[in-house]
Structures are given as C-alpha cells and as structure tokens.
Amino acid sequence: MIEARNLTKRYEDGILALDALNLTVNPGELYCLLGANGAGKTTTLNLFLNFIQPTLGYALINGIDVAQNPLAAKENVAYLSENVCLYNNFSARQNLEYFATLSGQDGRGRQGYHGILRGVGLPERCFEQKIKEFSKGMRQKLGIAICMLKDTPALILDEPMSGLDPQASADVMEILMELRDNNKAILMSTHDIFRAKEMADRVGIMKEGRKVIERTRDDLKFENLERLYLDYMRGESTVVLPDEDALGADSRRASSTFYTASARTKFV
Ligand SMILES: Nc1ncnc2c1ncn2[C@@H]1O[C@H](COP(=O)(O)OP(=O)(O)OP(=O)(O)O)[C@@H](O)[C@H]1O
Ligand SMILES: [Mg+2]
C-alpha cells in the first residue's frame, strides 16, 4: 500500500510545492496523478522515494514511514523516472543483470533475464543489443523490466508514457495494468488524461500543490475527466479542502500550520 497522510513539502526557497496531501493506493490499484506543470506531482513521488524530506506529514510504503525507515521502505518500492538512466554500452540483458546485481537479485542466468525482457514486450532481437540504439519506448520498457526485478508490492512511476508514440504508450499501459492485476499498488504521474481514464482505478487532479479532486473508475463512468480537469485548471470549480481529521493530525515536522477558510494555506 502507498499512503500519504497530510504530506507537505515546502522547499528551502520557500515554495510550498505540496500542501497536506492525503491519498491511498491499495494493493491491486493503479492511481494516476494529473495536474499542470509545477502542480507538485514529482514532489509527491520524490517524497515516497525519500529523495527529499517532508516538511510535515507522512509518506508510507506498506505502512513504513519513508522518512523514518528509508531502507526498509525502499525494499518495498520500485521506481521508474521519466528519463531512465541506463548504461548505453550495455545490452538490455546486461543492464537488467547489472541492476539485479546491485539490488541483490542476480543469479537468474541469461534465459531468466530474457524472460523478463519478453514480459515487457521487448522484441527478442533487442535482448543482446546495446541500448544506445534503443528508442525512447524501448528504454521505458527496459526501465519497467528493471522495476519488476525486485518484485516489490509498490511501484512509483513519474510520467512513464511521456514522449512515447501511441503504440508504445499503449504497450506500457498494458504492462502496468498487468502488474496492477498482479496485486501491485501503483502510483504514477501523467499528463495523459485519456490514458488515465482508461487505466486508472483512481485519479487525483493536483493544482498548486493540492489535490483538488479525486475520482474512482466508477465515478468517471458518469463524468468527463477532461472537462473536470480543464474546469479546475481554469479555476471554475471550488477547491476541496482536505479532510478535517487529517489537518492538524500531525505537527511532527513543522512547528505550526494554519489553514484559512479560503482554502489557501499559510505557514505561520
Ligand atoms: N528542488 C526544488 N527546489 C525548489 N523548488 C522546487 C524544486 N523542485 C520543484 N520545485 C517547485 O515545486 C513545485 C512543484 O514542482 P513539481 O516538479 O513537483 O511539479 P510537477 O507537477 O511534477 O510538474 P511537471 O508536470 O512539470 O513535471 C514547482 O513550483 C517547482 O518549481
Ligand atoms: Mg514532474
């Protein structure tokens, strides 16, 4: 399970990038975070990966507080960044083997690694090909294969379909849905409203560091996600305040927090 409780991040320069976020991604659920550039999506994901420290609140992976127990939390989560960092002079299989060795998951043998590469839909002829010759979509698929090595209960992906052609994007979507069906809890950011509607069990729209709405797959049978998104971005809808219990539930990391009725947050 992936859970944010009152999760807040104010960067050192004073920018309030994330403001009292509450969300839950259960095992077997795929959650898509949408929102304009600068809305706080990557900040949220980075907090779950302990790349940055929260100002207030908790990021939990399988019930483990990421800030308190980063190593234990990391054992339960795999991550794919927008621009996968891979070794260009290694083949796809060698990259996989390298990352497997790093995380103590090696020893599968060539055929074992080929099996994983097959699982993410890379064509057989690419398995032993140097990845400097790979397209962006092929690199993303290899990135997902690396994520799958650890077989963690939680997966976090930052714009995994960004820049992919429609076929590659559909392939990646299918792989993620399969992982979801295998009981993984998946949290990803995307700008692709249509794919989000198609694949997500739950969608959260972020604006200026706040989750302004959340909808389930069932809700979206009756609502137009694109319309909702555009309305919120234009500011034509009312901002939803985070739930009262979550507010004030935690004052562990910030000295004090003050929430105004106008739904803007100020730190005092
Ligand atoms: N390291 C940092 N230091 C200071 N401010 C930052 C830092 N990283 C991000 N920000 C600011 O935090 C806010 C949220 O940024 P974030 O990267 O989380 O947005 P995003 O929703 O992922 O956007 P995009 O869709 O462009 O990827 C922005 O105002 C950004 O300028
Ligand atoms: Mg981002």
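Helix 5 (residues 136–149) has 14 residues and spans 20 Å from its first C-alpha to its last, close to the 20 Å expected at 1.5 Å a residue; the expected span is 1.5 Å times one less than the number of residues. Helices (H or I, at least four residues) and strands (E, at least two) are DSSP runs, numbered from the N terminus. The model is a predicted one, in which local features need pLDDT of at least 70 and side-chain atom pairs count only at pLDDT 80 or more, while totals for chains, interfaces and linings use all residues. Residues are numbered from 1 along each chain as its sequence is written, and chains are lettered from A and ligands numbered from 1 in the order in which they are written.

Helix 5 is mostly covered, with 10 of its 14 residues buried. Here, buried refers to 20 or more other C-beta atoms within 10 Å of a residue's own, exposed to 12 or fewer, and partly exposed to values in between, with C-beta atoms placed from the backbone. The buried residues are M138, Q140, K141, L142, G143, I144, A145, I146, C147 and M148. Their cover includes strand 6 (77–80), helix 3, helix 4, strand 7 (154–158) and helix 6 (166–181). After helix 5 comes D151, with a positive phi near 50 degrees.

What of the partners in this cover? The axes of helix 5 and helix 6 come within 10 Å and cross at roughly 10 degrees; axes are lines fitted to C-alpha atoms, for helices over the stretch in contact, and angles run from 0 to 180 degrees between N-to-C directions. G137, Q140, K141 and I144 of helix 5 meet A168, D171, V172 and I175 of helix 6, where contact requires C-beta atoms, placed from the backbone, within 7 Å.

Helix 3 (residues 92–102) and helix 4 (residues 109–119) also have axes that come within 10 Å, crossing at roughly 105 degrees. That makes helix 3 roughly perpendicular to helix 4. A92, R93, L96 and E97 of helix 3 make the contact with R110, Y113, H114, I116 and L117 of helix 4.

Around ligand 1 lie Y11, D13, I15, A17, G35, N37, G38, A39, G40, K41, T42 and T43, each with its C-beta atom, placed from the backbone, within 6 Å of the ligand. Helix 1 (residues 41–48) gives the most to this shell, with 3 residues.

How values were computed:
Parallel < 35°, antiparallel > 145°, perpendicular 65-115°, else oblique. Contact = placed C-beta atoms within 7 Å.
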